[in-house]
Amino acid sequence: MSGLLALLDDVAGIAKVAASSVDDVVAAAGKAGAKTAGVIIDDAAVTPKYVQGFAPARELPIIWRIARGSIFNKIILLLPVALLLANFAPWLITPLLMIGGSYLCFEGAEKIFHVLFPHGSHVIDEDMAIRDPGHLEEQKVKGAIKTDFILSAEIMTIALAAIEAPNLWMQAATLAVVGIGVTVAVYGSVALIVKMDDVGLYLAQNAPTPIGRGLGRGLVKAMPVVMKILSIVGTAAMLWVGGSIIIHGMEVLGFGWLGHHIHDWAYAIGHSASEQWTGVVEWVSKATMDGVFGLALGFVLIPVATKVIGPMIGMFSKKTDAH
């Protein structure tokens, strides 16, 4: 009996340690997740455009496919790589982050370039052809998961840098919680956004009161505007996040003059405003300058990507059209 009681006491002690570890993981995940807020906003703002143009019945299945791809990106691909880099090659993290930031700058600048200088492509025309919606959906999902991979890499790396875990297992558990939590938050929000017009239509047709029907009609009319705003916010967030990653990476690598100048300019602008707005104006000023730098870098990268990297990928993938 004394041996059994001792065993139960040991089990209780282990349970207490486990519960404490769970609390530590959740607390660390919350702290690390807060550090990734900028990239999360980018991710949530970018994703809805991937379901535009599809039948309402296909919207949630597409979002579910992208969310599954995002979980695979974070947990299966990126989490082990992040832990290996953090523990065995931390010097590689900054250059890899800068590569991801450059991609975000390129993609954001390319969207603006297409708005300023509209032009067609037979490849895009073929992909967008209504006669092949299955192919279009496949391409959209692949594109979304590719963009998510870059954003997820930034999220996981930023979260890893914010984790103060005593061992590898705690780091892994915290990163897993961050990865799953961020994915649920982002794609759950996206699902609500893209189905809001259907909710509005249902209310407009079936609500028992005039106020409810009016609300439904308002939602239906507002959602195209909301989607347009999200597209603009997503592009701006790409440039802001990408530019800030590059600037911070330059500082880490010893080229901090640009980051220092932006900080000083933002500080001066912020403190020229009234006291209660100082912090907001300073943050907006810095984010704007980071975004302008990201846009300029993206415009430089457009010919590099389309004239050099694209053809090289085409050669390796044995495609005649490298677009």
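User: What does pLDDT express in this predicted model, and which helix has the highest mean?

Analyst: pLDDT is the predictor's confidence in each residue, on a range from 0 to 100. The structure is a predicted model, and its protein chain averages 76, with 74% of the residues at 70 or above. Confidence is lowest in helix α1 (residues 2-35), where the mean is 43.

User: Are α8 and α10 roughly parallel or roughly perpendicular to each other?

Analyst: Helix α8 (residues 210-252) packs with helix α10 (residues 278-316), their axes lying 7 Å apart at an angle of about 90 degrees. Angles of 65 to 115 degrees count as roughly perpendicular. The two helices, α8 and α10, are therefore roughly perpendicular.

User: How many residues of the contact of α8 with α10 are nonpolar?

Analyst: From α8, the residues involved include Leu239, Trp240 and Ile247, and from α10 they include Trp283, Phe293 and Leu297. The contact also holds 4 polar residues and 1 charged residue, while the nonpolar ones number 10.

User: How far apart are the end C-alpha atoms of residues 291-310?

Analyst: An unreviewed UniProt entry lists residues 291-310 under "transmembrane region", along with 75-93, 168-194 and 225-247. Residues 75-93 are 79% helix and 0% strand, with end C-alpha atoms 18 Å apart. Residues 291-310 are 100% helix and 0% strand, and their end C-alpha atoms are separated by 25 Å.

How values were computed:
Residues are numbered from 1 along each chain as its sequence is written. This is a predicted model: local features need pLDDT of at least 70, side-chain atom pairs count only at pLDDT 80 or more; totals for chains, interfaces and linings use all residues. Side-chain values use heavy atoms; hydrogens and water are left out. Helices (H or I, at least four residues) and strands (E, at least two) are DSSP runs, numbered from the N terminus. Axes are lines fitted to C-alpha atoms, for helices over the stretch in contact, and angles run from 0 to 180 degrees between N-to-C directions. Angles under 35 degrees count as roughly parallel, over 145 as roughly antiparallel, 65 to 115 as roughly perpendicular and the rest as oblique. Contact means heavy atoms within 4.5 Å. Ala, Val, Leu, Ile, Met, Phe, Trp, Tyr, Cys and Pro count as nonpolar, Asp, Glu, Lys and Arg as charged, and the others, Gly among them, as polar. UniProt positions are given in the numbering used here, feature names are shortened, and annotations may be inferred rather than shown by experiment.
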